[in-house]
Amino acid sequence: MADVTETVTTRDTTTVGATIDMSVDLAGMRLPNPLMTASGCAANGKELHRFFDIAELGAFVTKTVMRDPRSGRGTPRMAETPSGMLNSIGLQGPGIDVFVREDLAWLKSVGARVLASVAGSTAGEYAAVASVLSQSEAFDAVVGVEVNISCPNVANRGLVFACDPLASADVIALVREKLPRHIPIFAKLSPDVTDIVEIARACVEAGADGLTMINTLLGMVIDTDLLRPQVAGVTGGLSGPAIRPVAVRAIWQVRAAMLDGRIPMAPIIGVGGVRTGDDALQLVAAGASAIQVGTAIFNDPSAPIRVNRELAAALQDKGFARLSDAVGVAHTRLDQVR
Amino acid sequence: MSGTFPERTPQVTGELLSNRRVGAYHQLTFVAPDVAEVAEPGQFVAMAVGGDTSANLLRRCFSIHQVSPRDPDGGTVDIVVAARGAGTRWLTGLSAHDGVNIIGPLGRAFPLPEEPVAAVLVGGGYGSAPLFWLASILKERGCHVEMVLGAATTKRLFGVAEAGGAADGVTVTTDDGSTGVKGWVSDVLPDVIRRSQAGVVYGCGPMAMLRSITDVATAECAIAHVAVEESMACGVGVCMTCVMPVVGDDGLTRMVRSCVEGPTFRGDRVRWEAFDNGWCRVPEDALGAAAMRGH
């Protein structure tokens with residue numbers, strides 16, 4: 001990974017041959033482009049590698065891994081919703097030992113830059129997972145760790161960590177301790193909170209180098225033939241283009257708090273309903289330095305690569321030479337509407 | 001939990017060549033040479049519906065009915081669709097020359113017997129779609145092929161006329177007796193297996209039917225291979241929604257993805273008892289079930 005500066009030559013514009021600097025630096029995590037998969041929407045790489053070279057991604061974000069193997073919930077696990085879907089998978093996965101031995105080793109073998117997503121049912125489990133990860137043979141493929149704090153905390157009657165600033169801070173501080181300093185950690189925030197800025201503050205002050213925003217929203221669908229919940233887990237996470245305005249709002253609020261000096265400045269990875277380059281540009285303009293594509297992958301497996309191309313073209317259209325110049329740009333244009 | 005993947009899986013815009021009504025269903029033929037050339041019976045395609053800005057993001061998966069890799073129009077792929085929801089209504093409303101984004105072939109094909117044993121192919125409703133193609137391949141290998149087609153009523157049968165040419169013997173059942181034997185496919189299956197001395201039974205259709213096919217085949221000392229119709233969001237192995245409990249070679253039950261480990265399974269490996277009333281629970285002895293008790 002010597003050369004991490006990538007310029008994208010946009011294909012579908014009139015100014016053929018013009019280039020945009022798409023490289024990003026996320027708290028020291030330097031990536032050639034800002035596009036990532038969203039955790040849980042891309043499995044662990046092999047499935048998408050037959051559609052595009054996953055080493056072309058800025059980073060591949062793995063499916064959240066916990067300490068032990070998990071079967072996940074029963075089925076049905078999903079319901080289609082307008083411009084989105086509801087899912088209730090239950091963090092199915094092989095457990096951290098098998099993950100590092102098989103999945104991470106494979107990701108390393110194809111040259112992918114890995115943003116590893118970790119979780120636990122207790123703050124201690126988060127730390128244990130991070131510890132195994134950091135001591136694994138393929139750890140040099142890992143460029144950062146994303147901490148999925150939208151997990152029920154068994155020590156607090158199942159309240160998800162992400163809804164409680166103190167519990168979130170505990171987890172982040174423990175994970176931070178287990179990882180080498182040069183590996184940035186990103187707290188993935190839930191939008192289902194009263195004040196997302198408070199959670200963001202707790203995470204950054206506890207040692208998160210950056211934030212990933214947003215996780216799914218809790219939702220529910222009733223099957224009107226059977227008049228019962230459509231997914232076996234009763235409630236599920238809502239994702240897809242339907243939630244994009246929520247992502248834009250959450251990123252905007254946290255970025256605004258950073259610009260005001262209310263919370264420390266930290267890079268934001270934007271995620272939520274991105275399907276096109278224009279969608280990505282909304283999140284960037286609100287304050288995201290990088291972009292994850294999730295549910296859109298189910299519709300188009302190569303969406304992350306396409307969105308990167310479309311985002312570069314959109315930036316060029318607007319006269320930007322560098323992606324980094326567009327991050328949070330909408331905050332500077334408020335005087336035009338007031 | 002890993003499937004094996006080809007180096008590249010085609011994702012193409014398939015041009016609709018024809019869309020015709022067959023009983024209660026529509027048979028759609030797409031020009032998709034990359035898909036047609038490599039597909040095998042039992043595999044499926046995942047179709048995007050509603051165009052580039054569709055509010056229905058999830059792919060619709062269909063078993064491949066037949067392929068004509070050397071069609072003069074370019075290799076073609078046929079699927080059979082029942083218009084039931086927004087996506088299938090969009091597909092069945094398409095006209096010739098419309099384009100649809102198709103991914104495929106996906107999943108594991110039906111395993112074929114090494115020896116020319118007799119085979120019974122059982123289809124429920126339009127679940128029979130891939131069986132005619134399978135029948136012709138089995139006959140090329142010297143297998144005696146019997147078909148059993150069942151549905152609620154005549155209109156919901158698929159391929160009865162085609163079956164006569166594809167198989168050596170055909171038995172039809174309907175729940176209401178409007179065509180063939182009144183009853184279920186499982187009522188006639190024991191006799192068909194015995195009469196043909198079949199060593200293998202292939203089945204496609206609803207879960208309850210696949211379970212009874214497996215029970216009958218096992219009782220008659222035949223191996224059952226079934227293709228399931230689990231609902232899928234992506235079809236390519238990333239969404240984890242189409243899982244079902246299946247026993248592996250090591251004797252351990254895992255929640256496996258029917259899109260990559262299936263859609264064809266040995267019937268006696270599926271934990272049928274976990275399916276009940278439209279829900280499938282995780283068996284307590286499944287790998288990783290213990291970790292779910294926390295939450």
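**View 1. The two domains of chain B.** Chain B splits into domain 1 (11–106) and domain 2 (119–280), with bounds that come from an automatic or database domain assignment. Everything here is a predicted model, in which local features need pLDDT of at least 70 and side-chain atom pairs count only at pLDDT 80 or more, while totals for chains, interfaces and linings use all residues. Residues are numbered from 1 along each chain as its sequence is written, and chains are lettered from A and ligands numbered from 1 in the order in which they are written. Taken over C-alpha atoms, the centres of domain 1 and domain 2 of chain B are 22 Å apart. In chain B, 19 residues of domain 1 are in contact with 21 residues of domain 2 (contact: C-beta atoms, placed from the backbone, lie within 7 Å). On the domain 1 side, strand E3 (44–47), strand E4 (60–63) and strand E7 (99–106) of chain B each give at least two residues; helices (H or I, at least four residues) and strands (E, at least two) are DSSP runs, numbered from the N terminus.

**View 2. Where chain A meets chain B.** Here 41 residues of chain A are in contact with 37 residues of chain B. Helix H1 (46–49), strand E7 (78–81), strand E8 (84–87) and helix H8 (296–299) of chain A each give two or more residues to the chain A side.

**View 3. A pair of helices in chain A.** Look for helix H3 (residues 123–134) and helix H4 (residues 165–178) of chain A, whose axes come within 8 Å and cross at roughly 20°. Axes are lines fitted to C-alpha atoms, for helices over the stretch in contact, and angles run from 0 to 180 degrees between N-to-C directions. That crossing makes H3(A) roughly parallel to H4(A) (angles under 35 degrees). Among the residues making the contact are Ala123(A) and Tyr126(A) of H3(A), and Leu174(A) and Val175(A) of H4(A).

**View 4. The open sheet of chain A.** Eight strands of chain A line up in the order E5-E18-E17-E12-E11-E10-E9-E6, with parallel pairing (two strands pair if DSSP finds at least two bridges between them). Strand E5 (35–37) and strand E6 (60–61) of chain A are at the edges, each with a single partner strand, so one side of each has no neighbour in the sheet. Strand E17 (residues 268–271) and strand E18 (residues 290–293) of chain A pair over three bridges, and Val271(A) stands opposite Gln292(A) in E18(A).

**View 5. Helices against the sheet.** H4(A) lies across strand E10 (142–148) and strand E11 (185–189) of chain A, at about 155° to E11(A). Helix H5 (residues 196–206) of chain A packs on the sheet too, touching E11 and strand E12 (210–213) of chain A.

Technical notes
Two residues are in contact if their C-beta atoms, placed from the backbone, lie within 7 Å. Angles under 35 degrees count as roughly parallel, over 145 as roughly antiparallel, 65 to 115 as roughly perpendicular and the rest as oblique.
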